[in-house]
Amino acid sequence: MSEPTVLVFFGDHLANLGEDCLAYRELGMDVGKTDTPKNTLEAYKTPFVIYGNTAYCERVDFAKAKESLQLSPVINSNYLGAAVLELTGFSGNDAYFDFLNYARRQLPVFRLKENVYCDKDGNFSSAVSNPDHLDIINKVDMWEYHRLRGK
């Protein structure tokens, strides 16, 4: 395409592949184990690709823009859209997405149902001990409720 274009590909979880993720264990992978927060997260871990075409990369230093995102090795998928908006220069247009980018830098992973959390230093835990992280989780929850339900 001649116009600047950015494509994002991702999935939200791995395929189950057998009862209790048996195929993964047979391959020597930790998918399906819940003995540690990091192992619990493996079932939800999928790669993503962000691609900028030549027209986009001629206008934007993609490598520099990517570096400014400060992406953690793992992030919640709900942060991906906000990260792409920042990557493409659309920060400051929506307080919700700006907050998600702030939250992503402080608490890249939180899965409330599974009690899995990962801070910006890559430390996994099964409980929130940092009050700032609890505040982030509560604000993300309120923002999502407001955005999805219009309340």
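A polar contact is a pair of N or O atoms within 3.5 Å; within protein, one must be able to donate a hydrogen and the other to accept it, and residues adjacent in sequence count only if both atoms are side-chain atoms. The model is predicted, with local features needing pLDDT of at least 70 and side-chain atom pairs pLDDT 80 or more, while totals for chains, interfaces and linings use all residues. Residues are numbered from 1 along each chain as its sequence is written, and side-chain values use heavy atoms, without hydrogens and water.

**View 1. Asp-119 in the loop between β4 and β5.** A polar atom of the Asp-119 side chain lies 2.9 Å from the backbone nitrogen of Asp-121. Asp-119 is buried but has no salt bridge; buried means under 20% relative accessible area, exposed over 50%, and partly exposed in between (1.4 Å probe, protein chains only). A salt bridge needs a side-chain nitrogen of Lys or Arg within 4 Å of a carboxyl oxygen of Asp or Glu. The nearest side chain of opposite charge, Lys-120, is 8.5 Å away (Lys and Arg count as positive, Asp and Glu as negative; His and the chain ends are not counted).

**View 2. An open sheet of three strands in the order β3-β4-β5, with antiparallel pairing.** β3 (109-111) and β5 (124-125) are at the edges with a single partner strand each, so one side of each has no neighbour in the sheet. Strands (E, at least two residues) and helices (H or I, at least four) are DSSP runs, numbered from the N terminus; two strands pair if DSSP finds at least two bridges between them. β4 (residues 116-118) pairs with β5 over two bridges, and Tyr-117 has Ser-125 in β5 as its bridge partner.

**View 3. Salt bridge between Arg-105 and Glu-86.** The closest N and O atoms are 2.5 Å apart. Arg-105 is in helix α6 (residues 95-106) and Glu-86 in helix α5 (residues 80-87), so the pair ties together parts 19 residues apart in sequence. Glu-86 counts as buried, at 18% relative accessibility.

**View 4. Salt bridge between Asp-135 and Lys-139.** Their closest N and O atoms are 3.2 Å apart. Both residues lie in helix α7 (residues 131-149), four residues apart, about one turn of the helix. Asp-135 is partly exposed at 36% relative accessibility, and Lys-139 is partly exposed at 35%.

**View 5. Salt bridge between Arg-111 and Glu-114.** The N to O distance is 3.2 Å. Arg-111 is partly exposed, at 27% relative accessibility.
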